[in-house]
Amino acid sequence: MVSRYKSFVYVEDLSRHIGEQVTLRGWVYDKTAKGKLVFIKLRDGSGTVQCVLFKPNVDEAIAEAAAQLTQESSVEIIGTVRAEERAPGGVELDVQDVRIHQLSANYPITPKEHGVEFLMEHRHLWLRSTRQHAIMRVRAQVVKAIRDFFDGNGFKLQDSPIFTPNACEGTSTLFETDYFDLGKAYLTQSGQLYAEATAMALGRVYTFGPTFRAEKSKTRRHLTEFWMVEPEMAWFDLNDDMDLAEDLVEYIVQHVLATSQRELLALGRDISKLEKVRRPFHRMSYSEAVEWLNANNVKLNRKQADGTEIQVDFPWGEDFGAPQEEALMTQFEKPCIIHRYPSEVKAFYMKRDPEDSRVVLAMDMLAPEGAGEIIGGSQREDDHDALLARLRHEQLPEEAFQWYLDLRKFGSVPHAGFGLGLERTVKWITGAEHIREVIPFPRMIYRIVP
RNA sequence: UCCGCAGUAGCUCAGCUGGUUAGAGCAUCUGACUGUUAAUCAGAGGGUCCGGGGUUCAAGUCCCUGCUGCGGAGCCA
């Protein structure tokens, strides 16, 4: 028996059905009546099409049903597909029948403007709006690009656990939960440590899933639950790592350009800016970046003991904040990788630069147009004793890291990897103002509903 | 956590130096119209002015306090 759904026709395929009678299933996005005409904008998840009903052409009962329709009522509309130059999608439907499935009453989100708080409280409905719909479709394409890129380049997907017994980078930012008789478990901040283990088994791996940070960050680039893809590669050094990061980001952007023109147009995105995202990207060392900041008079706000703020030259050794990153990126139209950060501001597992012991072989990729950091990565410390010394220096619980130290005892090799933040990447590509718009149900410091 | 801003109709907002019965647009409902795209035109209904306390002859408006939300910083992807 052939499943019923195989005969469904969707709005995005209508141009292949011109002249045919089809049944569309969807929701009323908007309705206007003008005399004997009723215009119904129907959305079905794949797109939106205007359905035109001319009252003298149908039975009175059908005209009445059409007149009854309200915003977001669910309905089946039967009609003939017609090419129509005036329509945004190039086609319209001449309505022959209207079958109401459910009439919706007082749908809260109107085509007019709304405030952020109101929209966030109705996030489950807001997702139906044109702009949110376009963003979610781009998000799906970004995920597909990531998977295609790695799957097509010899990587194996090896997902890491969500429950972990220890922190990856300090304990202040972990969500804690009870774990039976074993004490506390924590929601993972990163799958990286596990990816290092699977990379030693499979060579090139990537882990892709949600990660959690209990940071009380309240900005337009932070979520407490966000998705991260983390490749990890045996035998890669920092340069290999940076090359791979460039290849990935170029691939993602070019894939979205190839598949999502309609969505980018709906979002009002300046496509010419994305077209410039081609290898090679810019690269500079942390030290060069500090020199640039000071040469261009970008100061650092520093609080004094008495509480007042003064502006000082940017000191070598300090980590960059959003203002510094933004200033650095004003000179570039494509992403820039900053590498070799001071070891003090970076995580314990990063390998020291053999040529300069003050810095580690780390790299961050900053996206242009004020989008900020989308990638953080490094070559990992592969020497057992050096790693143990770093663990002790950071006062991390040695026992919890025994298995991780094992990786440096049994066939240790140079290896490297990075993490790409999915939401930050989608925010940059879509041009969304706030990260809460690029994940269906954002989890933020002051919001967990819906 | 710190700094700043806001809360008035279903939504977005206006409301002056405290002074009559708190306003507009949209949305909703009724009517007109064969091409609307945020339609237009005519009419109707719609209020715990965030909660609590205070000052005053009089508070949406001033003061104190609480709650909620927004923007930014730090930290980070």
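Predicted model: local features only at pLDDT ≥ 70, side-chain atom pairs only at ≥ 80, totals over all residues.
Me: Is Phe-348 buried or exposed in this model?
Reply: Phe-348 counts as buried, at 2% relative accessibility, where buried means under 20% relative accessible area, exposed over 50% and partly exposed in between, with a 1.4 Å probe and protein chains only. Side-chain values use heavy atoms, without hydrogens and water, residues are numbered from 1 along each chain as its sequence is written, and chains are lettered from A and ligands numbered from 1 in the order in which they are written.

Me: And what about Tyr-404, buried or exposed?
Reply: Tyr-404 counts as buried, with 0% relative accessibility, and the charged end of Arg-408 sits over its ring, 4.3 Å from the centre (the rule asks for NZ of Lys or CZ of Arg within 6 Å of the ring centre and within 35 degrees of the ring normal).

Me: Switching topic, which residues come nearest to RNA strand B?
Reply: Of the 47 residues around RNA strand B, Gln-50, Phe-54, Lys-112, Arg-220 and Arg-424 come nearest, and a residue is near if one of its heavy atoms lies within 4 Å of the strand.

Me: How far is Arg-221 from a base nitrogen there?
Reply: A polar side-chain atom of Arg-221 lies 3.1 Å from a base nitrogen of RNA strand B.

Me: How confident is the model?
Reply: Chain A has a mean pLDDT of 91, with 97% of its residues at 70 or more, and the model scores ipTM 0.87 and pTM 0.93.

Notes: Polar contact = N/O pair within 3.5 Å; in protein donor to acceptor, adjacent residues only side chain to side chain. pLDDT = per-residue confidence, 0-100.
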